[in-house]
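Hi everyone, thanks for coming.

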Amino acid sequence: MKLKGEMSMLNVLHLQESDLELTSLQVSLEKKRDEAPQFFIQSPLVVDCSDLAEQCNRLDFGALRAMILELGFIPVGVRSAPKDVLLVANKAGWAIMREGHAPSAKKQDKSGQADNHQSASSNGPASDNSGSTEKQTQAQSTIQSLTIERPVRSGQQVYAANGDMTILAPTSSGSELVADGSIHVYGALRGRVLAGARGNVSARIFCHSLQAELIAIAGRYQLLDESDTDLKGKPAMIRLEGEKLIIEPLG
Amino acid sequence: MSKVIVVTSGKGGVGKTTTSAAFASGLAAKGYKTAVIDFDVGLRNLDLIMGVERRVVYDFVNVINGESTLKQALIRDKRVDNLYILPASQTRDKDALTTEGVESVINELKEDGFDYIVCDSPAGIEKGAFMALYFADEAIVVTNPEVSSVRDSDRILGILQSRSRAAEQGGTVKEHLLITRYSPDRVEGGDMLGMDDIVEILSVPLIGVIPESESVLQASNSGNSVVLDEQSHAGQAYTDVVARFLGEDVPLRFIDVQPKKGFFKKLFG
C-alpha cells in the first residue's frame, strides 16, 4: 500500500453567527444542496469556523454532524477554531483540518494545482499537501541549484526541485525542463520549459535563443507558436505579470 | 587498447549498416584489426552489405548461448585483411541478446587483440539498439538531412548519455555526427536541412558528410563496401571519415553544389 499526502477538492462550509441556530442552517444548506444535488450528495464537507470567532463554543458539533449527514453530505473535519473547541469537535467524530490559506496564498496554491495537472503526464513534481506558504519557506531553506553542461535531448526530462536550473548547452525540441525556481538556458531553448513548477509566481525563464515549444511559469502556460512575440530565436526573458506571461528582450 | 564504437541513429533506413560496413572496412584497410558486429537480430543485413551472406555458419546469438565459439562465428573478410564480421541471427529476436552475453563477446574480442569493435545498431530505441550502445566508448550517430531523422538522433544521443555503461559509471560516450545521403542541390533548393542547421540542432562534432550517391546502392547490392570504391564520392567521403576518426585533419568534401557541366565540358572533360 501507499499512504501519500495529496490535495483534493473539498467543499468548505463557512459558518456565520446566524448559523449557530442549526434549524435555520439546515434549511439554507438543504436549499443549496438541491441546486446541484448530483454534485453535493455524498460529497465531503469541511466546516470552517473562522467567522464565528469566540461564538463557536456554542456550537453543538454532534448535532451539526448528524444534520449534515441527514442532508446527504459526508462530514469530514473542522478547521479554524480555538484548540479547545477543536478537541470537542474531535470527540464528536470530526477530523481536525489544517488552517485554511490566506487569500493571497490561496491564489498561489491554485496555480500550483494547475501546474501539477499539466505536468502529471510527464512525471512532473508530485503534488503535495502542505500549504504553499510552507513550500515557500522550505524552498528558501534548502535551495538546490542544478547546473547541466550537456545538451538536454529530445525525450529527456530535467527537474530542479527547490531551486533554479542553469543549462550551459542547447536544449532540443521534445525535451522538458521543470524547475521550482527560475530556468536559465545559455544556448538555444527548444523544448518545453516550466519554471515555478510549485507555484512560485516570481520565477522567470531566461534564454539565449527563444525557440521553445511551450513556456510556463507557475502553471500559466503558452505555446510559443501562439504568441505574437517578435523575439523568437532571440535572447529573451519570460516573467509572469498577473495571469499573463510577458516575453521581453534580455539585456 | 581496443575501442568499442556504436553506429546508431534511432531512425531506420538512414545508412547505419552501410556506414558500419564502410567504417569498419576503412579502419581495417588502415591496418587496424577490426570486428563489426550486427546487433540487428532477426533482420540481419550486415552480411549482405559486406557480401558474406553465403558464408554464415554460426552467428552472434550462437556465441552468446555457448553453441559455438567466437572463432567459429567470426567471418574473415576476403578483400580487406584484419576485418572480421560477426553476423546476427536471422531466426531469433532481440530478446536473445543479454547484457552478460554481449559483454562476454566484446571482452573476448578485446582479449583477441582487436583494435576496434564496431557495433551496428538496429533502428529504434528498444533492446537491440540499447544492447548495441551499452558498451560503447564512442558513438557515430548517423543522420539524414530531414527533421524526423534529426529528432530521432537527438533522442538516441540522450539515451547514450544516460543509459550507456559509460554514463552509468559517471563518464561520457564520445559523440560523432555523420550526415549521410546529403544532397547539396536539394539543400540549396530548400528541400533538405542544411549541414550547419543539423550541427546546430544536435550540437555534436561533425565527423563527415556522405553525399547521396548511386555508388552506395550499387556497392550494397553487390556486397562490396562502398569505401573500397575509390572512384565514388561516397567512398571517398567515408575514407575521409575514417581519417578524421583517427585524428587526421581532413577538410569536408562534396558539400557544395557541383557546377553543371556544359555540353563541351561533358564532351571533352
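**Spaces, contacts and salt bridges**

Sorted by class, the residues lining the largest cavity are five nonpolar, one polar and three charged. Before I go on, please keep in mind that this is a predicted model.

So which residues are they? The lining is made up of B:Gly208, B:Val209, B:Ala237, B:Asp240, B:Val241, B:Arg244, B:Leu252, B:Arg253 and B:Phe254. Two elements of chain B give two or more residues each to that lining, namely strand 8 (206–211) and helix 12 (233–245). Helix 12 of chain B gives the most, with four residues. The space inside the largest cavity comes to about 40 Å³, and the count of cavities of 30 Å³ or more is one.

For anyone who likes the picture behind such numbers: rolling a probe the size of a water molecule over the atoms shows where empty space is left.

Helix 11 of chain B supplies the largest share, five residues. By class, the lining of the second largest pocket has eleven nonpolar, ten polar and seven charged residues.

Let's turn to the place where the two chains meet. Chain A puts eleven residues into the contact and chain B puts in 14. Between them the chains bury about 990 Å², with 36% of that on carbon and sulfur atoms. On the chain B side, B:Arg151, B:Asp154 and B:Arg155 lose the most area to chain A, and together they account for 41% of what that side buries.

How many salt bridges run between chain B and chain A? The count is four. A:Arg150, for instance, forms a salt bridge with B:Glu175, and the closest N and O atoms are 3.4 Å apart. There are also seven residue pairs in polar contact between chain B and chain A, counting pairs with both residues at pLDDT 80 or more.

Where on chain B does this side come from? Helix 7 (147–163) and helix 10 (195–202) of chain B each supply at least two residues of the side that touches chain A. Helix 7 of chain B holds the largest share, seven residues. By class, the side of chain B that touches chain A has four nonpolar, five polar and five charged residues.

One last stop, and this one is within chain A. Over all chains, the structure holds 21 salt bridges. A:Asp180 forms one with A:Arg198, where the closest N and O atoms are 3.3 Å apart. Why pick this pair? A:Asp180 sits in the loop between strand 8 (176–179) and strand 9 (183–189) of chain A, and A:Arg198 sits in the loop between strand 10 (192–195) and strand 11 (205–210) of chain A, so the pair ties together parts that are 18 residues apart in sequence.

Methods:
Residues numbered from 1 in each chain as written. Chains lettered and ligands numbered in written order. Predicted model: local features only at pLDDT ≥ 70, side-chain atom pairs only at ≥ 80, totals over all residues. Heavy atoms only, no water. Contact = heavy atoms within 4.5 Å. Buried area = accessible area lost by both parts, 1.4 Å probe. Salt bridge = Lys/Arg side-chain N within 4 Å of Asp/Glu carboxyl O. Polar contact = N/O pair within 3.5 Å; in protein donor to acceptor, adjacent residues only side chain to side chain. Nonpolar A, V, L, I, M, F, W, Y, C, P; charged D, E, K, R; others polar. 1 Å grid on protein atoms, 1.4 Å probe; cavity = no way out; pocket = protein on both sides within 12 Å on 5 of 7 lines; lining within 4 Å. Points joined across faces, edges and corners; volume = space filled by probe spheres on them.
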